[in-house]
Every structure is written in structure tokens, then in C-alpha cells.
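Reader: I would like a close look at one part of this protein. Please take me through the nonpolar core and the strands around it, step by step.

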Amino acid sequence: MPLRLRATTAAALTALTLLTSAGCSSAPDEKEKPETTGRLAATLDSPIDITLRWKDDEPGVAGRTVEFATEKAGPYTVLEFMPPGRTTYRHPDLMPETPFYYRLRPYFGPASPPVEVSLPPGEPSEEELNDNQEWMTPRTVPGPKVGTAPLTARDARSAEANAAAAPTDFEPTVMHATGIAFTWTDRAADEDGHLLEVGGGGGARATGRGARGGGPAKYMVV
């Protein structure tokens with residue numbers, strides 16, 4: 001499977017609130033009118049199903065996260081990492097008569113070249129599972145100092161400007177049938193974090209697992 005690593009910086013988020021209704025079903029002509037904040041709109045398709053819609057009109061966007069909470073102050077949970085071009089998300093089977101708060105957060109940043117990883121068949125052995133698991137903890141690995149570059153968001157030139165901040169030396173190491181360790185060199189000076197994308201190309205999906213670095217070092221993640 002192809003994998004790549006993206007250094008990211010998040011732009012300002014858009015928030016929206018919607019209250020689910022009582023009951024468990026709704027006729028099509030009872031669908032609620034969309035709630036909207038301008039960029040993000042939400043439709044109550046039934047008393048317990050909500051569809052979110054937004055415009056894909058931000059130049060240079062690498063993807064978006066859709067987040068929700070049942071209280072305005074959070075905590076918020078990421079529902080999905082969306083690739084560019086995706087403009088809808090359906091949130092089904094919700095609790096009736098409950099407020100749901102949604103946030104749409106675009107993120108920007110360059111990705112490393114993809115690498116191909118193949119896992120061995122089967123499950124990890126007991127020895128592998130009980131062996132030293134320190135490799136599973138994200139950490140900084142000492143290395144030579146390298147140059148870094150800042151990340152830019154919401155700019156038609158951001159993709160070109162951000163190229164120098166892309167992580168380099170992205171290397172996977174298969175630890176066992178269900179575990180992969182990654183190392184890379186952090187070239188971004190001010191990233192919010194790193195996203196591990198599975199799939200490559202425009203259809204990549206981010207796992208949301210990664211580590212943030214404060215300088216030019218290597219990191220290891222599962």
C-alpha cells in the first residue's frame with residue numbers, strides 16, 4: 001500500500017450548530033431547511049440524520065477535517081479526514097433532541113513522495129507483541145541539524161511556497177504483521193503536526209496519526 005507523510009498547518013475553522021429532533025423517522029417532505037454559516041451548511045435529513053455540505057473553493061488546500069461535539073466547548077471528535085474535492089459528509093443515527101456542534105477545518109502543507117509498504121500475512125506472534133514496544137512511542141531521534149521552511153495557508157502560491165517544508169527521508173520499517181515504524185526528517189519550521197496518508201494521489205486518506213516536531217529532527221510513529 002502506498003503511504004506518504006504530510007506536514008500540515010490548519011486554517012481558521014468554520015463552526016455550525018444543529019439540534020436533532022424527537023422521533024426516529026421522517027418523511028422526505030419533512031426534511032429541515034439547511035442551517036448555514038456561509039461556508040458550511042447542515043441539513044437535518046431526518047430526526048437523527050444530518051448531512052454537511054461545503055464549497056471546495058480554497059486554493060492550495062490539502063484536505064479538511066470534519067469534527068463534532070455535543071457541547072459547544074467540546075471536546076471535539078474528528079469524524080473524517082476529507083481529500084480535496086470532497087464537499088459532503090453524512091452523520092447518521094444520532095441521538096434525538098440533542099444539539100450537535102460541527103467544525104470544518106481546512107489544512108495545508110506539502111507531502112513527501114509516496115513509499116510502498118507490504119505487510120507479512122497473518123498476525124504478530126506473542127513474542128513480537130511482548131517484545132520491547134518503545135518503537136511505538138513517537139519521539140525525536142538525534143540527527144544533524146537541517147534547514148527548515150515556514151508553512152503558508154490560504155494562498156494561491158502556497159503549494160509552491162510550501163515545497164521546501166515537505167518532510168524528507170520518509171522511511172517505513174515493518175516491525176511485524178500489524179506494525180510499521182516510520183522515520184523522517186522534519187523540514188517545516190512551524191507545522192501544527194504531521195498526517196500519515198494511506199492511498200496516495202488525490203484519493204489519499206489521512207489516518208490522523210503522527211507527531212509534531214519543533215525542529216529539524218527525525219520522528220518515529222506507528
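Author: What follows goes from the core to its strands, and then to the aromatic rings. One caution comes before that: this is a predicted model.

Start with the core itself. The largest nonpolar core holds 16 residues. Those with the most contacts inside it are Leu-40, Ile-50, Leu-52, Trp-54, Val-66 and Tyr-102. At least two of its residues come from each of β2 (14–19), β4 (40–46), β5, β6 (63–69) and β9 (99–108). In soluble globular proteins, nonpolar side chains tend to be buried together.

Now take Trp-54. Set aside its neighbours within four places in sequence. Trp-54 then still contacts Leu-40 and Val-66, as well as Met-82 and Leu-104. Its contacts also include three arginines, Arg-39, Arg-64 and Arg-86. Thr-87, Thr-88 and Tyr-89 complete the list.

Strand β8 covers residues 88–91, and its side chains alternate. Tyr-89 and His-91 point to one face and are buried. Strand β5, residues 49–54, pairs with β8. The pairing is antiparallel and runs over 4 bridges. Across it, Arg-53 stands opposite Thr-88.

Next, the rings. The whole structure has 3 aromatic pairs. One joins Phe-100 and Tyr-102: the ring centres are 6.5 Å apart and the planes meet at 20°, so this pair is stacked. The cut-off for stacking is planes under 30 degrees apart. Phe-100 counts as buried because its relative accessibility is 3%. Tyr-102 has a relative accessible area of 0%, so Tyr-102 is buried too. Both figures fall in the buried range, under 20%. Ring pairs also bring in Phe-68, which forms a cluster with Phe-100 and Tyr-102.

Another stacked pair is Phe-170 with Phe-182, because their ring centres lie 5.4 Å apart and their planes are at 15°. This pair links distant parts of the chain, 12 residues apart. Phe-170 sits in strand β12 (residues 168–176), and Phe-182 sits in strand β13 (residues 179–185). Both Phe-170 and Phe-182 are buried.

One more ring has a charged partner. Arg-103 lies over the face of Tyr-76, 3.8 Å from the ring centre.

To recap the core: Leu-40, Trp-54 and Val-66 are among the residues with the most contacts inside it, and Trp-54 is in contact with both Leu-40 and Val-66.

Technical notes
Residues numbered from 1 in each chain as written. Predicted model: local features only at pLDDT ≥ 70, side-chain atom pairs only at ≥ 80, totals over all residues. Heavy atoms only, no water. Buried < 20%, exposed > 50% of the residue type's maximum accessible area, 1.4 Å probe, protein only. Pairing = 2+ DSSP bridges. Core = buried A, V, L, I, M, F, W, Y, C linked by side-chain atoms within 4.5 Å. Contact = heavy atoms within 4.5 Å. Phe/Tyr/Trp six-rings, centres within 6.5 Å; stacked < 30°, edge-to-face > 60°. Lys NZ or Arg CZ within 6 Å of the ring centre and 35° of its normal.
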